[in-house]
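Hi,

Here is the structure I promised to pass on.

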2 protein chains.
Amino acid sequence: MSETIERAAGAARPPGRPRSERADKAIIDATLALLLEEGGVAGVTIEAVAARAGVGKTTIYRRWPNKEALIIDALASLKEPDPELAGVSVRDDLVALTRTLGVEKRDRQRVGVFWSVFGHGDRHPELHGRFTRDVVEPRRERMRAVLRRGIETGELRPDIDIDLVMWLLMGAIVHRARAYGVGPAPDDFAEQIVDTALRGLTPR
Amino acid sequence: MSETIERAAGAARPPGRPRSERADKAIIDATLALLLEEGGVAGVTIEAVAARAGVGKTTIYRRWPNKEALIIDALASLKEPDPELAGVSVRDDLVALTRTLGVEKRDRQRVGVFWSVFGHGDRHPELHGRFTRDVVEPRRERMRAVLRRGIETGELRPDIDIDLVMWLLMGAIVHRARAYGVGPAPDDFAEQIVDTALRGLTPR
DNA sequence: TGGTTGCGATACGAGCACGTATCGATAGTT
DNA sequence: AACTATCGATACGTGCTCGTATCGCAACCA
């Protein structure tokens, strides 16, 4: 893992057969797939990861000391750059932010893995804390900023409760994405949710 | 289990020491507590249930043939009568319906157990199907009816997408209730969600 | 008092997953 | 060619959980 960095820093290549980068990727991919399919850390076994990756158990244990470390690295590999916001209208920025919570296919896998690990309370507090700090909170803060801007520009009512609105928008997308038995959401789901929330349910 | 019914129907009491009703309740309670704490079926072990209920494993296996049957009965014990709807205003009925999704303490335990079991996809399709049919869908249908009534009476816009609105309202409550690390929602959370959704986010 | 069944405790065999050790083969360097 | 580390495969010991069997004691009935 850190080997790549050391070599890039100029250290000589160590003797012997080099580790297979292909195996690295196959192991991480198999781990993520199993996290998603089995619905959590408990469903992932090293033997299943090895079989799925087409790799010996030895190859896994040479890279990671135990299952937990492997899962930490697998989760870390899910980090993605935040979506770019056009910044033209609050409505468009809200759509862009909520879309990444599980509407598109790649996001669905990412979000699904997240919830399969953290959706059960505090089974893995350390993992959860890291992920919340590094991934979840920054995005929440961006959304808060968009909503604040909307209030300032007059695009949004001045009396809305920002955190409440975040639960409303994020909850709709996340709940829809996590619900089992309803299939993936339509492509324009985020747009429809945002527009419905902006407009309100009562006639005007 | 069915023994109580049979005796009530007039059959003679069977010979020997009667089964302890207290043990019945302790076993079910321990199972629910573990489902919630351990975050799913996988975290529940018969030995842990027995220890927590202050009961021998024998006593459990005399009542249920295996772990799955025990969990089925434990989940069945969660059924509750649907909330009564005043039927005066659509707003009040929506609040009453969404409140039961995890705002009050007793509902939180019930909803939490539900998600701990079914929140991971199709690990237990049969259980999920039963629960969806018997508990979830009837409530969803009641909410649909309330929304339809609101459109008819003019309390709601005629162009709203009913299913979309259900994702919005239910998602907000459920997501807030399931989120780990934020504590329970305030008592008036359902009211605030419903009112915010009704009013909309844009100035009028 | 004798008969029957439930009680909690404990031991057991089977199966699974963890993490370690060892194998001959392979892919690189010097 | 000699050397070294990784490769996949396999066997192993350990610990946990399942579900069963057996124990002496307790509760209830005739």
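Starting with where the two chains meet: 42 residues of chain A and 42 residues of chain B make up the contact. Keep in mind throughout that this is a predicted model. On chain A, the helices that each put at least two residues into the side touching chain B are α7 (105-118), α8 (125-153), α9 (162-178) and α10 (189-199). The biggest contributor there is α9(A), with eleven residues. By type, that side of chain A has 17 nonpolar, 16 polar and nine charged residues.

Next, the DNA. There are 26 residues around DNA strand C, and the ones that come nearest are A:R17, B:G16, B:R17, B:G56 and B:T59. Two or more residues of this surface come from each of α3 (46-53) and α4 (57-63) of chain A, and also from α4 (57-63) of chain B. With four residues, α4(B) has the largest share. The surface near DNA strand C splits into eight nonpolar, nine polar and nine charged residues.

Where they meet, α2(A) brings A:I28, A:T31, A:L32 and A:L35, while α5(A) brings A:L70, A:I71, A:D73 and A:A74. That contact is made of six nonpolar residues, one polar and one charged.

Cheers

Note on methods:
Residues are numbered from 1 along each chain as its sequence is written. Chains are lettered from A and ligands numbered from 1 in the order in which they are written. This is a predicted model: local features need pLDDT of at least 70, side-chain atom pairs count only at pLDDT 80 or more; totals for chains, interfaces and linings use all residues. Two residues are in contact if their C-beta atoms, placed from the backbone, lie within 7 Å. Ala, Val, Leu, Ile, Met, Phe, Trp, Tyr, Cys and Pro count as nonpolar, Asp, Glu, Lys and Arg as charged, and the others, Gly among them, as polar. A residue is near a molecule or strand if its C-beta atom, placed from the backbone, lies within 6 Å of it.
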